[in-house]
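This briefing is for a reader new to the structure. Please look over the sequence and the model before reading on.

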Amino acid sequence: MPAGTILIADDDAAIRTVLNQALGRAGYDVRTTGTAAGLWRWVASGDGNLVITDVVLPDENGFDLIPRIKRVRPELPIVVMSAQNTILTAITAAERGAFEYLPKPFDLKELTSVVQRALQGPQHKREQAVQREGGEERLPLIGRSPAMQEIYRVIARLTQTDLTVMIMGESGTGKELVARALHDYGRRRHGPFVAVNMAAIPKELVESELFGHERGAFTGATNRGIGRFEQAESGTLFLDEIGDMPLEAQTRLLRVLQQGEYTTVGGRTPIKTDVRIIAATNRELRQLIHQGLFREDLYYRLNVVPLRLPPLRERGEDIPDLVRHFLRKAEEEGLPVKRVEPDALDLLRRNRWPGNVRELENLIRRLAVLHAGDTISAATIASELREPAISGDPGGDSEHPTLSASVEKFLARYFAEQGGRLPPPGLYDRILQEVERPLISICLAATRGNQIRAAHLLGLNRNTLRKKIRDLGLEVIRGLKTE
């Protein structure tokens, strides 16, 4: 049976009773109090093997109590619970030295598991709390859904380390916001945060952009150029859309991760670097590995801590908070005060949001500027959501829809045809094959059947292209003339 005395502080008698019963059944000796003073008396007397405390107590804030406990009993594990379920709550708990943070309401099985882990060994030492000036801080991430609570807890743990992080998520889910939170609340907060979007840099300039170049390294290099690694020294380098990085640059990046040094383009002397790397992607990197477009060894070096951001459709309960946040931002920018009717919020919650939080923000900002009244009604939202441009990325006009808009329309019709049932398994591969066949056929026709040129055009390895031609049963006609 488990053994140990657990000290619980919460001003809610019902919660104290529930925790007392649950942990008592698990075999622990439990003491409960409704005040910080009561908890402090037990701790100062040397009682208890574990503390569970709420943040808001009638006589003292739980976060202010934690440093005092740590000074007199540094090895005593502390679990923080709070109904203020924001990322700053989770991060503050970690910074003050808490073993774990649990957002209310929590599962009692999860609480018991946390207690068991905390009592298994000595508490790892945490960094001293960083006192922040001012009152309430602006929240870097918005949302109180279970999906976001898990993200907050992972971020809180990661701020105490320099581990490499791979953030995965659809476009518009807030990958750069998460990267900034990891930097702003982490060990390197006083260093620079440098963000680079790999998809926005011409392929031939990526290495120079990242690692810098020497004078005369290439045509037009009249002076020495400073790379992003040098700019991010002692800070964080955020590599967005890492799946678009050329293979040559991937090799250089791998060396940095393995040896902690790099050379500039045209340089010979290795340069030591002290940079935390956070990468992000909205693509399936394992698929790129199979296509020969991404190094497998680099993937494992970057994917030390994978962090998946949920799409907005998986956390619809966060939409009201997000809407209020975006309206506040618009108001701070001098736009008129607006409110959204409950029925309108319900419509927003039910929307699929292929463009995720970015799409929602664009909609709210547009309404803040263009909507004439003080109140945004359900009819207004319904009208906006019917517009083609609200389906995510711009879909082009009705005569020339984009590929994304066409695929989305096809999939919506395909799912509707299932009569409420899900399609057969393997949908991902079937859709990819549907797109690959015409894409490869057209590229082969454009290059007159020249597979080397077609592979270059597609950005594929030649052997990968040959395998795809074989698998798809495509006929290659060499020397095809175009009219």
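Which residues in α3 meet which residues in α4? Phe63, Asp64, Ile66, Pro67 and Lys70 in α3 meet Thr89, Thr92, Ala93 and Arg96 in α4, where contact means heavy atoms within 4.5 Å. The model is predicted, with local features needing pLDDT of at least 70 and side-chain atom pairs counting only at pLDDT 80 or more, while totals for chains, interfaces and linings use all residues. Residues are numbered from 1 along each chain as its sequence is written, and side-chain values use heavy atoms, with hydrogens and water left out.

**Helices α3 and α4**

- Helix α3 covers residues 62-72 and helix α4 residues 87-96; helices (H or I, at least four residues) and strands (E, at least two) are DSSP runs, numbered from the N terminus.
- The two helices pack at an angle of about 15°, their axes 9 Å apart; axes are lines fitted to C-alpha atoms, for helices over the stretch in contact, and angles run from 0 to 180 degrees between N-to-C directions.
- α3 and α4 are therefore roughly parallel to each other (angles under 35 degrees count as roughly parallel, over 145 as roughly antiparallel, 65 to 115 as roughly perpendicular and the rest as oblique).
- The residues of this contact divide into four nonpolar, two polar and three charged; Ala, Val, Leu, Ile, Met, Phe, Trp, Tyr, Cys and Pro count as nonpolar, Asp, Glu, Lys and Arg as charged, and the others, Gly among them, as polar.

**Helices α18 and α19**

- The axes of α18 (residues 427-446) and α19 (residues 451-458) come within 9 Å and cross at roughly 130°.
- α18 and α19 are therefore oblique to each other.
- Leu439, Ile440, Cys443 and Leu444 of α18 make the contact with Gln451, Ala454, Leu457 and Leu458 of α19.
- By class, the contact of α18 with α19 has seven nonpolar, one polar and no charged residues.

**Backbone features**

- Most residues other than glycine have a negative phi, and most peptide bonds are trans.
- The peptide bond from lysine 104 to proline 105 is cis, with omega near -10°.
- Proline 105 is in the loop between β5 (100-103) and α5 (108-120).
- Serine 234 is not a glycine, yet has a positive phi of about 70°.
- The loop between α9 (228-231) and β8 (236-240) holds serine 234.
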